[in-house]
Every structure is written in C-alpha cells, then in structure tokens.
Amino acid sequence: MQPKISSLADRPDMLERVVGMADSWPEFVIQDLVGAAHFPRIAAELPEYVLFAEDEQGEIVANAYSVPFALGTEHRGGRLPANGWDAVLVWAFSDLRRGVRPDTVSAISVSIAPQAQGRGLSAVMLSAMRDNARARGFREVVAPVRPNAKHLEPHTPMEEYARRVRPDGLPQDPWLRVHARAGATIDSVAPASMTVAAPLADWRRWTGLPFDTDGDIEVPGGLVPVRCETRRGYAVYVEPNVWMRHPL
C-alpha cells in the first residue's frame, strides 16, 4: 500500500511524533552547529515544508524537510553555495526574517524509519517534496545530496565519485540515482557542505574510536575522513555533498 503523505501544516498535532521519529543518521552528523541551530526551526516556522508518511497502521515511517529561499538575488546570482547544506539553511531563515520572497526550494533531509527501510520510501518522499514545491508555485527544487554509499570510499574525491555512472547512464550511487530518476541533474560539488569541529572526547563518544593519532581518521558513516589533531585536542569533519537541480 502507498503510505499516506501529510504536512505538519495540515497535521500540527503530529509534531512530536514526526520530530521524534527514529532515524539512522550517524551521531556525529547531527552535531553540525548550523544544522543544530536551524533544523528544528523548520518544523516550528515552516511546517508546510515538513512532510511525513504514515503506513496502514498509522505509524510514521518517513519524513522529508525542505526550505524555501531566494537563489536569484543580486548577491547570490543563481549560484548554489559551496557551503551547501549549512549555507542554504542560513539563507532560508535569513530570507524569512527579512521578508525576502523565495524563488527556490531546497531539500534538507529525507529520513526513513529503520523498520521501514528498503521499501522505496526515499523516492516516494522525494516525489512528495517536489509536488509540494510545485503546488506552492516554485519552478525548481535543489538538493545538497549526501550520497549514501560514499562512506564506503571515504578517500575517493567527491567529484570523481559523483560523476560515476552505470552502463544505463544513471549515477552509480543509489541516492544520487533516485534523484536522477526523478529528473534531477548534477550541478556541482559543495566541498564544505557541513562542518563538525569538536573536542576529541566528543569524537570518541560519538564513534567509539580512540582518536589518539594525528591525521585522517576513517569513521563509520563518514563520507570523508575526520582530521584529528591530538596535540590541540580536537578533530574536524568537513563533509562534501553533491548539488542536484530538479526542474519542476
């Protein structure tokens, strides 16, 4: 059965259940300070851009967050930011605060509950996100995509990884391929889409690794290695994403 898709604007009573849905993000990813400051605001201030799916038992099995923002301003000039996910969150809420009229919607996340993975819900939620933007008069959705198999090759440059295609011409990466099948094309790589800088004690707690040597440390779920500086007592993860554009 197809899941029932709703928005938080239409179902505000579902806020706690949607926000509290279990997901499978690596712990360190949600420690990005820009995301920590802005992501919760989407449900509170832009509930019409928070979609969720219920199965036949009424359980929430997926959610999708997006934000409207102005890409075609004089200073932004239609260019998607190299700071990717972090930048678009800042832009969206800056525009909202200043009353700037948005012209584009950016995907922020698509999350599937652990027990519902493998059912094709990612494609369903991406399609719903596109439909939601179209219904609100937008002509394009952009997405700072986190390729979901890149963590298997943390040392491969993202530009090289993102451009790999199968014999049928579709991207080799499964999540990039879902976007491509929906009609998206790759625009560019956002080399510093998300940044997590933290004391070594935090990294040890998040990953279970010792973080006791200088240099690049591979961590489970990391798209690139984490740079460890033991003498300075911190480590930094700078994640690249892939900007994809969906014409509507």
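**Helix pair and pocket chat**

Me: At what angle do α2 and α3 pack?
Reply: Helix α2 (residues 33–45) and helix α3 (residues 84–98) pack at about 45°, axes 10 Å apart. That makes α2 oblique to α3, oblique being what is left after under 35 degrees (roughly parallel), over 145 (roughly antiparallel) and 65 to 115 (roughly perpendicular). This is a predicted model, where local features need pLDDT of at least 70, side-chain atom pairs count only at pLDDT 80 or more, and totals for chains, interfaces and linings use all residues. Residues are numbered from 1 along each chain as its sequence is written, and side-chain values use heavy atoms, with hydrogens and water left out.

Me: Which residues of α2 meet α3?
Reply: Among them are Val 34, His 38, Phe 39 and Ile 42, and α3 brings residues including Trp 85, Leu 89 and Phe 93; contact means heavy atoms within 4.5 Å. The contact residues divide into eight nonpolar, two polar and three charged.

Me: New topic: what volume does the largest pocket have?
Reply: About 1,300 Å³.

Definitions and conventions
Axes are lines fitted to C-alpha atoms, for helices over the stretch in contact, and angles run from 0 to 180 degrees between N-to-C directions. Helices (H or I, at least four residues) and strands (E, at least two) are DSSP runs, numbered from the N terminus. Ala, Val, Leu, Ile, Met, Phe, Trp, Tyr, Cys and Pro count as nonpolar, Asp, Glu, Lys and Arg as charged, and the others, Gly among them, as polar. On a 1 Å grid over the protein atoms alone, a cavity is a set of points where a 1.4 Å probe fits but cannot get out, and a pocket is an open set with protein on both sides within 12 Å along at least five of seven lines; lining residues have an atom within 4 Å of a point. Grid points are joined across faces, edges and corners, and a volume is the space filled by probe spheres set on the points.
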